Protein chains: 2
Amino acid sequence: MKSIIATAAALILAGHAFAQDSFELDPAQAATAEALVAEALESDLAWSIVESLTTEVGPRMPGSEAEVRARAWGEALGQSLSFDRVTIEPFTMPFWDRGELEISITSPYTQALHGSALGGSGASPRSGPVESDVVYFRDINALTAVADGSLEGKIVFVDGDAMVATQTGAGYGPANNRRRIGWQHAERAGADAIVVRSVGSDFHRNPHTGMISSMDGEWANIPVIAISNPDADHLRRLHHTGAPLAMQIRATAGWHGDVTSGNVVLDIVGSELPDEIVLIGGHLDSWDLGTGAIDDGAGIAITVAAAELIARLPERPRRTIRVVMFGAEEVGLLGARAYAQQHAEEVGNHVLATESDFGAGRIWQLVSNVDAAANPAIDAVGQIIAPLGILRGGSNVPGGGPDIIPLAMAGVPTVRLNQDGMDYFDLHHTPDDTLDKIDPEALAQNVAAYAALVYLAANMDVEFRTPAEEAAAEE
Amino acid sequence: MKSIIATAAALILAGHAFAQDSFELDPAQAATAEALVAEALESDLAWSIVESLTTEVGPRMPGSEAEVRARAWGEALGQSLSFDRVTIEPFTMPFWDRGELEISITSPYTQALHGSALGGSGASPRSGPVESDVVYFRDINALTAVADGSLEGKIVFVDGDAMVATQTGAGYGPANNRRRIGWQHAERAGADAIVVRSVGSDFHRNPHTGMISSMDGEWANIPVIAISNPDADHLRRLHHTGAPLAMQIRATAGWHGDVTSGNVVLDIVGSELPDEIVLIGGHLDSWDLGTGAIDDGAGIAITVAAAELIARLPERPRRTIRVVMFGAEEVGLLGARAYAQQHAEEVGNHVLATESDFGAGRIWQLVSNVDAAANPAIDAVGQIIAPLGILRGGSNVPGGGPDIIPLAMAGVPTVRLNQDGMDYFDLHHTPDDTLDKIDPEALAQNVAAYAALVYLAANMDVEFRTPAEEAAAEE
């Protein structure tokens with residue numbers, strides 16, 4: 001019985017391989033890609049980069065002076081390595097500052113809470129303390145049902161559940177509703193402030209910050225605060241005792257006019273097709289609570305290190321490899337939007353794009369969204385990186401990473417190397433996003449996969465993009 | 001070969017059992033102890049107690065109004081359960097308040113650190129900010145070697161290593177030197193403040209607070225601050241870059257005169273020997289960063305629940321069982337010292353004492369320090385709780401728990417049920433000491449072991465104490 005199943009499985013796998021894998025890699029390119037994998041696994045370059053960024057620059061709030069220093073760091077890094085061209089591409093953005101926050105329970109007794117203003121939060125009146133009775137909502141749906149003006153003089157607390165940790169990060173979207181839109185209903189109902197359970201899977205006293213959603217371009221006029229999961233548990237239990245619950249909040253968060261941010265663009269110029277661009281990258285900005293190690297110092301380090309290994313080869317790749325350190329990702333993909341806008345005329349030259357922005361866990365899956373005719377070529381890349389423990393996933397998966405969205409919407413084909421995100425939402429947007437959370441071996445595995453993928457994509461004679469006439473015919 | 005070894009091992013074990021286990025438990029008492037174990041494993045009483053204490057009282061700083069509320073809570077709890085006598089025994093103590101703390105790196109760039117004043121810390125001058133260059137010391141030994149007056153106008157940072165997590169908590173003592181005595185050398189050398197790496201085994205942005213050691217009864221005149229392990233790692237890396245490092249500290253910690261604290265004493269009065277006391281307990285106070293769940297709400301819950309299960313039996317035990325909720329443990333065992341002093345005349349009536357104050361992990365070992373003639377009786381108790389996964393450890397191990405030290409020094413025999421402390425120093429004295437860190441099943445296992453041990457100790461016809469004439473002859 002066992003041998004029959006094994007034989008059947010072998011036949012199925014073989015059939016799959018034959019059906020999909022009609023693309024033959026150039027043997028010399030395949031050998032170089034394998035050599036890059038081996039070299040990357042031995043290299044500590046990515047570790048050095050993320051160590052330098054988190055130590056020497058530290059937290060890098062979008063639009064802040066720290067982000068200016070980060071760009072200077074990125075420019076100097078590119079110049080010190082083997083890149084052919086290093087450019088800072090500035091853009092203008094509004095600056096939001098977290099300010100100061102004091103938040104405590106004041107009834108039934110005084111206890112400080114571990115909270116953080118959410119991006120886009122307003123201040124308390126005259127930046128002084130506001131103390132109010134708390135109205136408890138079991139989840140965001142309960143809050144959205146409240147009548148206009150029904151919460152005057154109250155502080156809203158929106159509970160919910162801690163996220164379940166998953167490999168893919170599934171569950172972040174729905175959980176995030178309380179963070180994103182809760183304030184809109186609290187403000188509509190006249191509340192003094194809104195406090196939500198952090199969107200995170202950990203049980204440490206860490207608030208998880210992150211952006212709220214604007215409403216028709218308007219941001220919150222009241223404090224919008226996330227508290228840690230243990231603090232939210234505590235409030236839930238206090239609520240169930242029936243004791244009257246009050247809080248005091250003093251927040252000075254708010255907007256401070258326009259500032260300059262920018263993307264740092266590092267190019268390895270292609271030898272045959274310099275105008276055709278394989279774009280990779282991560283985002284250079286970070287929230288300020290941690291030092292932006294996993295979000296997204298790791299992505300910067302992985303993609304720069306992968307490109308650098310390719311740049312050290314005796315020959316330049318056929319196509320240009322571009323590493324973009326995007327600015328101001330956390331506050332709404334501002335760098336990515338600016339890039340797509342500033343490069344609108346050459347967007348058609350971007351042959352493939354992907355970003356590393358899901359932490360520093362091992363890559364376990366390769367997914368793609370390219371022209372159907374190019375799938376066998378992606379499968380062939382998959383076979384090169386399969387020994388790294390990477391499975392070939394869907395060939396019709398939109399994405400490529402947050403900062404790739406504007407390019408993908410403009411028709412740029414994408415791939416993505418999915419990382420194990422089991423601990424990502426333990427750390428995401430918290431003070432715990434620090435260098436010690438990165439496993440150097442997992443980081444090197446990431447570099448290996450990116451190096452092979454990007455090297456092959458920049459050299460193989462494949463069109464990843466659906467030809468314009470076919471794309472038009474499909475619409 | 002294997003069978004020979006197995007036979008030999010069996011013989012050795014059997015020989016050990018025969019040699020040690022010459023004490024025969026009363027069969028009815030053994031059966032009751034086993035029934036208590038079974039009942040405790042099904043009971044959620046301890047969980048309810050620690051949930052109530054951490055939720056309804058919250059953090060309980062020694063000498064604070066919160067500790068007053070905790071005593072009222074303890075008194076009401078004792079009265080609501082089956083205890084025969086509930087007494088609050090007040091004592092006077094000096095009150096130290098953590099105050100406010102702001103600590104940040106100011107050079108090479110600004111970054112807030114996660115720190116906490118250590119118990120006994122002083123304030124910064126006029127409670128305003130002090131900003132100074134940082135002098136880095138790799139460990140406490142490097143600091144103790146500095147010359148008097150050689151650190152004028154500097155802030156001292158004492159690095160060291162994160163603790164290695166162990167089952168027994170080994171390593172806490174040596175690591176703790178930087179916390180306890182670092183300030184004495186910093187002050188002697190004229191420093192403005194001292195910052196130390198937290199004494200803890202975790203890698204979260206949590207400072208670990210705790211008491212410094214006084215010097216001839218004097219406390220620090222400068223801020224004495226602990227920062228989290230990731231923050232200390234960060235400073236170490238910054239130091240290695242060679243960049244000049246500066247910090248700003250504003251601390252308002254200090255002493256505020258005498259206040260009243262107290263112990264809460266809950267008695268189950270013995271039926272035959274009411275003056276003979278088997279004493280168990282935990283400490284009611286906690287540091288204020290967390291809610292004192294594992295340190296030591298768990299100990300209060302375990303010992304109260306164990307005693308309550310015994311009090312619900314149809315008959316009172318022969319001896320009195322006393323649960324003491326000690327006050328002001330964290331600032332120097334003040335409740336324990338007061339208890340020993342206030343009960344000095346009846347200390348000879350304390351037949352056996354033990355405390356639960358090492359978290360809420362499963363108990364894995366029973367150790368003792370009783371008269372040699374009583375060891376077989378302790379071994380017999382060990383056999384009753386062995387099915388809970390508890391090994392019989394040393395029979396000559398001083399201890400019994402921090403609050404038992406003054407009694408043990410006055411000659412009271414002790415036992416201890418050692419808990420698995422693998423995560424204890426991840427959480428110890430941090431904001432993360434919250435209810436969610438307690439595993440209800442492990443908590444119930446603790447109650448089961450205490451219930452059986454205490455029931456048997458209060459009923460068995462055994463003298464745990466070395467008779468006075470023998471003790472005198474030994475000296």
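**Salt bridges between the chains.** I looked for salt bridges between chain B and chain A and found a count of zero. The rule I applied asks for a side-chain nitrogen of Lys or Arg within 4 Å of a carboxyl oxygen of Asp or Glu.

**Ground rules.** I am reading a predicted model, in which local features need pLDDT of at least 70, side-chain atom pairs count only at pLDDT 80 or more, and totals for chains, interfaces and linings use all residues. Residues are numbered from 1 along each chain as its sequence is written, chains are lettered from A and ligands numbered from 1 in the order in which they are written, and side-chain values use heavy atoms, with hydrogens and water left out.

**Polar contacts.** Next I checked polar contacts across the interface of chain B and chain A. The rule finds 17 residue pairs, both residues at pLDDT 80 or more. A polar contact is a pair of N or O atoms within 3.5 Å; within protein, one must be able to donate a hydrogen and the other to accept it, and residues adjacent in sequence count only if both atoms are side-chain atoms.

**The side of chain B.** I then asked which elements give two or more residues to the side of chain B that touches chain A. They are α3 (45-57) and α8 (229-241) of chain B. The largest share, six residues, comes from α8(B). Helices here are DSSP runs (H or I, at least four residues), strands likewise (E, at least two), numbered from the N terminus. By class I noted nine nonpolar, eleven polar and nine charged residues on this side of chain B. Nonpolar covers Ala, Val, Leu, Ile, Met, Phe, Trp, Tyr, Cys and Pro; charged covers Asp, Glu, Lys and Arg; the others, Gly among them, are polar.

**Extent.** The contact (heavy atoms within 4.5 Å) takes 29 residues from chain B and 29 residues from chain A. The two chains bury about 2200 Å² between them, 56% of it on carbon and sulfur atoms. That is accessible area (1.4 Å probe) lost on being put together, summed over both parts.

**Backbone.** I looked up the cis peptide bonds. One joins A:Ser107 and A:Pro108, with omega about 10°. A:Pro108 sits in the loop between β2 (101-107) and β3 (111-112) of chain A. Another joins B:Ser107 and B:Pro108, omega again about 10°.

I also noted positive phi in B:Ala328, near 50°. B:Ala328 lies in the loop between β12 (319-326) and α10 (334-342) of chain B. B:Ala328 is buried, at 0% relative accessible area; buried means under 20%, exposed over 50%, partly exposed in between (1.4 Å probe, protein chains only).
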